[in-house]
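Dear colleague,

I am passing on the structure we spoke about, with the sequence alongside. Please keep it open while you read the notes below it.

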Amino acid sequence: MRIVSLLPSATEMVFALGLGDSLVGVSHMCDYPAAARGLPIVSRSIRSKSDLSSAEIDAIIQQARATGNPLYVIDGDLLRDLQPDLILTQELCEVCAVGAGSVFETAAKVLDYSPEILSIRPAGLDDIFGNIRRIGDTAGVSERAGDLLAELGARADHVAQRITDGRRPKVFCIDWLEPLRNTGQWTPELVELAGGEEGLAEKWGKSREVGWDEVLAYQPDYVMVMPCAFDMERTIIETARLSERAEWNALEAVQKGRVYLFDGQIPSRHGPRVVDVLEGLAEAMRPDVFTGLAQPGVFRPAALSVPAVVG
């Protein structure tokens, strides 16, 4: 089977299912695992955003929405050359990857046959696991999918079963920094499974802009900074700018050093590594129980300039 994945999450699923050799094309964002980086790139961003700040990227996105212009384009000629049997796309977010509508339209124009097109739209953890199952079944590796899901489920259960203290700290997970946005979909669920409560977000719901007044009134016990699609280096740079805000410095979580930075490329992707995020959240909130549980590079304590407050 020849597979084209236009979504980083789906690419990670394909490799986790042992189908890397079947993958013949990817999107420009598909960078994990490393083997994905050398494959033909079928979809690209209209404009590079790697050197722009959070505010500048948001302005481009808002302008594209207002004008109806696409953020991504598909290389139809390359898609025709690759002759995929299966194309993986998404309906979740037009900001993160090319939308399913464009994929169906382009495939109909450039291909003289009808490949299988799977469109992914998860809200929660069960949906993510279900998509792994769907891809495995469609690609003829149902047994591998079952094994992978058993492993991921066991890791999630390991976290849940070791949280016995009854404590539910308040957590604020940041999906974007300027403007300030909370997380949605599966992330509040992961916080809940890790023993916390995301009171500013809706489990399985959409991300939204959050006012600093809301955050100050909420006074989270922990702040998890996980800007969508930013790697750890970008997350560190962007978070450092928050220290210039009085509201940020007024947060008890900041004053007490309870701010953790996540590689934003992991929480924003609804693939197998969501369990890595769950383990990172658990370790951040309960280091005495889960020290060393999370995979290296998933999260780290923030280097804060505000002096810690005792108590």
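What follows is an account of what was found, going from the whole chain to single residues.

This is a predicted model, in which local features need pLDDT of at least 70 and side-chain atom pairs count only at pLDDT 80 or more, while totals for chains, interfaces and linings use all residues. Residues are numbered from 1 along each chain as its sequence is written, and side-chain values use heavy atoms, with hydrogens and water left out.

The secondary structure comes to 13 helices and eleven strands, where helices (H or I, at least four residues) and strands (E, at least two) are DSSP runs numbered from the N terminus. Of the 311 residues of the protein, 52% count as buried; buried means under 20% relative accessible area, exposed over 50%, and partly exposed in between, with a 1.4 Å probe and protein chains only. Taking a contact as heavy atoms within 4.5 Å, residues 24 or more positions apart account for 69% of the contacts with a separation of 6 or more.

On the interior, I use nonpolar core for a set of buried Ala, Val, Leu, Ile, Met, Phe, Trp, Tyr and Cys residues joined through side-chain atoms within 4.5 Å. The largest such core has 53 residues, and those with the most contacts inside it are Met-224, Phe-262 and Leu-281. Helix H12 (residues 274–285) gives the most to this core, with eight residues. A second, separate core of 20 residues includes Phe-172, Val-223, Val-225 and Leu-251. Leaving aside residues up to four places away in sequence, Met-224 touches Val-171, Phe-172, Cys-173, Ile-174, Tyr-260, Phe-262, Leu-281, Ala-284 and Met-285.

Trp-248, in helix H10 (residues 246–249), is buried, with a relative accessible area of 2%. With the same exclusion of residues up to four places away, the residues that Trp-248 touches include Ile-174, Trp-212, Val-223, Val-225, Leu-242 and Leu-304. Trp-248 and Trp-212 are 36 residues apart in sequence, and their C-alpha atoms are 8.2 Å apart in space.

Helix H12 also packs against helix H6 (residues 142–162), their axes coming within 10 Å and crossing at roughly 15°; the axes are lines fitted to C-alpha atoms, for helices over the stretch in contact, and angles run from 0 to 180 degrees between N-to-C directions. H6 and H12 are therefore roughly parallel to each other, the classes being roughly parallel under 35 degrees, roughly antiparallel over 145, roughly perpendicular from 65 to 115, and oblique for the rest. Leu-152, Arg-155, Ala-156 and Val-159 of H6 make the contact with Val-275, Asp-276, Leu-278, Glu-279 and Ala-282 of H12.

Just after H1, Gly-18 takes a positive phi of about 75°. Arg-269, in the loop between strand S10 (259–262) and H12, is buried at 6% relative accessible area, and the residues it touches include Pro-8, Ser-9 and Glu-12, as well as Tyr-32 and Trp-186.

Some backbone details deserve a look. A cis peptide bond, with omega about -5°, joins Tyr-32 and Pro-33, and Pro-33 is found in the loop between strand S2 (23–27) and strand S3 (41–45). The peptide bond from Glu-178 to Pro-179 is also cis, with omega near 0°, and Pro-179 is found in the loop between strand S7 (171–177) and strand S8 (180–182).

Positive phi values also occur in residues other than glycine. Gln-185, in the loop between S8 and helix H7 (187–193), has a phi of about 50° and counts as buried at 17% relative accessibility. Trp-204, in the loop between H7 and helix H8 (212–218), has a phi near 70°, and is partly exposed, with a relative accessible area of 47%.

With kind regards
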